[in-house]
Amino acid sequence: MSSNDQKDIDDVTGTDTTGHTWDGIKELNNPLPRWWLWTFYITIFWGVAYSIAYPAWPMISGATAGLLGYSTRAEVAQDIARFEDANAEISAQLASADLNTLLENEDLARFATSAGGAVFRNNCSQCHGSGAAGAVGYPNLLDDDWLWGGDFDNIEYTIRHGIRNEEDWDARYSEMTAYDEIFSNEEVDQVVQYVRLISNQEHDAGLAAAGEELFLNNCAACHGDDGAGNRDLGAPNLTDAIWLYGGSVDALEETVRYARFGVMPPWGERLTEAEIKAVTAYVHQLGGGE
């Protein structure tokens, strides 16, 4: 018997089959087109050659370097260096500039705010938001309510040294007392209602009246007799409608009982002098700068 006689030919197409059948469906023995096979072989060759020439295979502490020694990091570093060289002169001007007179030089001011925006997005937006509107516990930089001052000098100092961190001895520092074990539950309620009174929110008049004396004896030393705050201490103004952690009864009770202790890292050692002044200028011009 010849080999042709042994083939299983499909009755419908007249094509021989592989002999495999699933649910009555036969698998036709159609070979792949030659062009497709050659393309497939070329991609295999290309993949092997690429993995030899370029970084590819992961190792324990890195990856194979590749015969060509190509590095995307090095390429990015070259691009960064190229732009830094192009901006070296104006960056040097910014590094030595007095920010209080920055607006007198339109070109330098334009460069500062543009470069500062990039610095902000890379380093500050994770906490303050891409639009600098902040979040609960992270200050809104668009308004004119500043815990430590919003002029050029104060913004620069805050950026350079940070707040309540343990890395910079010159960091701004203040610490609110936690009154959970000092006030009774009733006294906590009274102080909370008094704060809601002076901030023009709905409140319990009786509790608020009793809370005034507690506030004056315990809180006014930092927040002022009128509750308007003290920038030298970073004590917030309690009479406006701007709240870092919220002005609801629950949020205020949490603050009174356990205090707040927000931390900002210092950027003096992480950013260049020009970058610090650039991001200072950027933050200042967002809308709340003084």
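Guide: In this predicted model, helix H8, which covers residues 185-198, packs against helix H9, residues 205-218, at an angle of about 95 degrees, and their axes lie 7 Å apart. Because angles of 65 to 115 degrees count as roughly perpendicular, H8 is described as roughly perpendicular to H9. On the H8 side the contact is made by Glu187, Asp189, Gln190, Val191, Gln193, Tyr194, Val195, Leu197 and Ile198, while H9 brings Leu207, Ala208, Ala210, Gly211, Glu212, Leu214 and Phe215 to the contact. Sorted by class, this contact of H8 with H9 holds 10 nonpolar residues, together with 3 polar and 3 charged ones.

A second pair of helices can be read in the same way. H4, residues 88-95, and H12, residues 273-284, pack at an angle of about 70 degrees, with 8 Å between their axes, and that angle makes H4 roughly perpendicular to H12. Here Ser91, Leu94 and Ala95 of H4 meet Glu273, Ala274, Lys277 and Ala278 of H12, and the residues of this contact divide into 4 nonpolar, 1 polar and 2 charged.

H4 and H12 also take part in the lining of the second largest pocket, to which H3 (72-86), H4, H5 (106-123) and H12 each supply at least two residues. This pocket has a volume of about 560 Å³, and among the 18 residues that line it, Glu84, Ser91, Ala115, Val119 and Glu275 lie nearest its centre. Ser91, then, has a place in the contact of H4 with H12 and also in the lining of the second largest pocket. H5 gives the most to this lining, with 7 residues, and by class the lining residues are 10 nonpolar, 6 polar and 2 charged.

From the helices we can turn to a pair of strands. Strand S1, residues 17-22, pairs with strand S2, residues 25-28, in the antiparallel sense over 3 bridges.

Terms used: Residues numbered from 1 in each chain as written. Predicted model: local features only at pLDDT ≥ 70, side-chain atom pairs only at ≥ 80, totals over all residues. Heavy atoms only, no water. Axes fitted to C-alpha atoms, helices over the stretch in contact; angles between N-to-C directions. Helix = DSSP H or I, 4+ residues; strand = E, 2+ residues; numbered from the N terminus. Parallel < 35°, antiparallel > 145°, perpendicular 65-115°, else oblique. Contact = heavy atoms within 4.5 Å. Nonpolar A, V, L, I, M, F, W, Y, C, P; charged D, E, K, R; others polar. Pairing = 2+ DSSP bridges. 1 Å grid on protein atoms, 1.4 Å probe; cavity = no way out; pocket = protein on both sides within 12 Å on 5 of 7 lines; lining within 4 Å. Points joined across faces, edges and corners; volume = space filled by probe spheres on them.
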